[in-house]
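Here is a short report on one protein chain.

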Amino acid sequence: MPDLETRLAARPLYLQVRDVLVQRIVVGHWKPGSTLPNETQLAQQLGISIGTVRKALDLMEDERIVTRRQGRGTFVNDYAAETTFPFSSFHNFEGQRVSGQKRARTISRVQATADEAARLGVRRGDELIRVDRVREHKNQAFMAETCLLPAKFFGRLPEDFGSYRLSALAQLNSILLGHADERVDIALADAEDAEALGVPEKTPLLRLDRVIFSDHDDVLEWRVARCFMRSECYLVRYS
């Protein structure tokens, strides 16, 4: 490969090395749980100093992309599992997790409104992929979701896109997930939510508003979920 020291000279070399190593992870060259070559081997492969490799790996550990174990090596984390969200799990009173089956209602390509552009970090009018879907448990819908994704990041879509998992979609497009911001409040069901969830309009719903970023802080998805707590008492557990 080209000498890294000749590329993007204005950017610190250890950041370039970090990007090269992360790219190898996202394309599957090193899979979750596998061991990276040692620092000496990486330095030789990339034609750089061990100190630069070490600094890149330190950063990747801080970002929870890898875990370094004394005497054992550097291991690739399962970044899909590591990307956790404060409000991510529904449970019933028996403590059983309720994930539900995802069913797409509509999938479309739309132009970003001003509000959507501001939230997604794109320009007004940029192309978005919109997915409206419900989650069902025991043949009853308990969540209606609206998901917006900037189309520029997702050139490759799976056949079952309507039920996509963002971690799998990101990996398909060689993107590494980063952090997420979430908000939780109460909203009243509008006509669309009422139809999707089978409840009267203005029924109080739990609303989860989540924005997920890449490791480079690009917004990958804005998802708003409206949840109706039925008699089985689904709970949102803070993790």
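## The chain as a whole

The chain has 239 residues, and 44% of them count as buried. Keep in mind that this is a predicted model. Seven helices and 11 strands make up its list of helices and strands.

How much of the contact in the chain links residues 24 or more positions apart? Take the contacts with a separation of 6 or more: such residues account for 56% of them.

## Where two helices cross

Now turn to helix α2, residues 39-46, and helix α3, residues 50-62. Their axes come within 9 Å. They cross at roughly 110 degrees. An angle of 65 to 115 degrees counts as roughly perpendicular, and α2 and α3 are therefore roughly perpendicular to each other. The crossing of α2 past α3 is right-handed.

Which residues make the contact? From α2 come E39, T40, L42 and A43. From α3 come I50, V53, R54 and L57. Sorted by kind, the residues of this contact are five nonpolar, one polar and two charged.

## The cysteines

A disulfide is a covalent bond between the sulfur atoms of two cysteines. How many disulfides does a search of the whole structure find? The search finds zero.

Are C147 and C227 buried or exposed? Buried means under 20% relative accessible area. C147 has a relative accessible area of 0%, so C147 is buried. C227 has a value of 1%, so C227 is buried too.

Terms used. Residues numbered from 1 in each chain as written. Predicted model: local features only at pLDDT ≥ 70, side-chain atom pairs only at ≥ 80, totals over all residues. Heavy atoms only, no water. Axes fitted to C-alpha atoms, helices over the stretch in contact; angles between N-to-C directions. Helix = DSSP H or I, 4+ residues; strand = E, 2+ residues; numbered from the N terminus. Parallel < 35°, antiparallel > 145°, perpendicular 65-115°, else oblique. Left-handed = near helix turned anticlockwise from the far one by under 90°. Contact = heavy atoms within 4.5 Å. Nonpolar A, V, L, I, M, F, W, Y, C, P; charged D, E, K, R; others polar. Disulfide = S-S within 2.5 Å. Buried < 20%, exposed > 50% of the residue type's maximum accessible area, 1.4 Å probe, protein only.
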